[in-house]
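Biologist: Please take a close look at one part of this model, the aromatic rings and what surrounds them, and walk me through it in one connected account.

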Amino acid sequence: MTIKIYGPTTSHAWRTMWIVHELGIPFERMPEGSKDAKGADMLQVNPDGKAPALVDGDFKLFESMAINLYLAAKYNKGGMLPTSLQEQALCQQWSFWGVAALENQLLTILVDKFVTAPEKRDRNAVAAAQKSLSRPFAVLNDTLQARDFLLGSTFTVADLNLASICAWTKPIKYDFSLLPNIAGWLDRCFLRWAYKMARRVK
Ligand SMILES: N[C@@H](CCC(=O)N[C@@H](CS)C(=O)NCC(=O)O)C(=O)O
């Protein structure tokens, strides 16, 4: 049965679009053409009304990281989810860590720059977000020393999930000049065909 992905490409649903293109699995977009995350029967799938959400047969799932880990485990083309328990745990670690250590901080900077009216911008909040990113980004840069991807030489769902969070560093023009391993890793992730397919706004 074809999986259904709820949510517009402009939402976190693009993260799930990325993995379905990596996995090469058939899917349906729901609700087709809508930009409204709360529209149609979206609330039946995620009562919280947030995108993305997934329907796979009679199974429903929300949260982009969880959806991607599920799809990687189920279809696992090209080793998107490694076979060892420890490596699977590392995929979860980097996904949860990205949400916990990076996502809100990057979103704070992004919203302040592109959404908040100039007179309402909060320089202190942005400075605090910038400051709290420096340690996790140093950790990530060290992790990527002498390796192409988070777990080694192979692109996995850990890279996909974490890079999809780090994608916000592009519009805010985050300065990675002193963190070249992150810059190179993001380039490798964003050069992938499946990423480009997911980013085509429909
Ligand atoms: N942690 C959630 C975040 C989901 C989320 O906030 N989605 C936004 C779009 S990016 C949404 O649906 N917002 C609509 C709303 O809050 O009403 C995930 O990664 O799936």
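Modeller: Tryptophan 14 and tyrosine 195 are both buried, buried meaning under 20% relative accessible area, with over 50% called exposed and partly exposed in between (1.4 Å probe, protein chains only). This is a predicted model, in which local features need pLDDT of at least 70 and side-chain atom pairs count only at pLDDT 80 or more, while totals for chains, interfaces and linings use all residues. Residues are numbered from 1 along each chain as its sequence is written, and side-chain values use heavy atoms, with hydrogens and water left out.

A search of the whole structure gives 12 aromatic pairs, where rings of Phe, Tyr and Trp (its six-membered ring) pair if their centres lie within 6.5 Å, and planes under 30 degrees apart count as stacked, over 60 as edge-to-face and the rest as tilted. Among them, tryptophan 14 and tryptophan 18 are stacked, at 5.9 Å centre to centre with 15° between the planes. Both lie in helix α1 (residues 13-23), 4 residues apart, about one turn of the helix; helices are DSSP runs (H or I, at least four residues), numbered from the N terminus. Tryptophan 18 counts as buried because its relative accessibility is 0%.

Tryptophan 14, buried at 7% relative accessibility, also pairs edge-to-face with tyrosine 195, at 5.7 Å centre to centre and 85° between the planes. That pair links distant parts of the chain, since tyrosine 195 belongs to helix α8 (residues 193-198), 181 residues from tryptophan 14 in helix α1.

Ring pairs join Trp14, Trp18, Phe149, Phe155, Phe190 and Tyr195 into a cluster.

Notes:
Helices (H or I, at least four residues) and strands (E, at least two) are DSSP runs, numbered from the N terminus.
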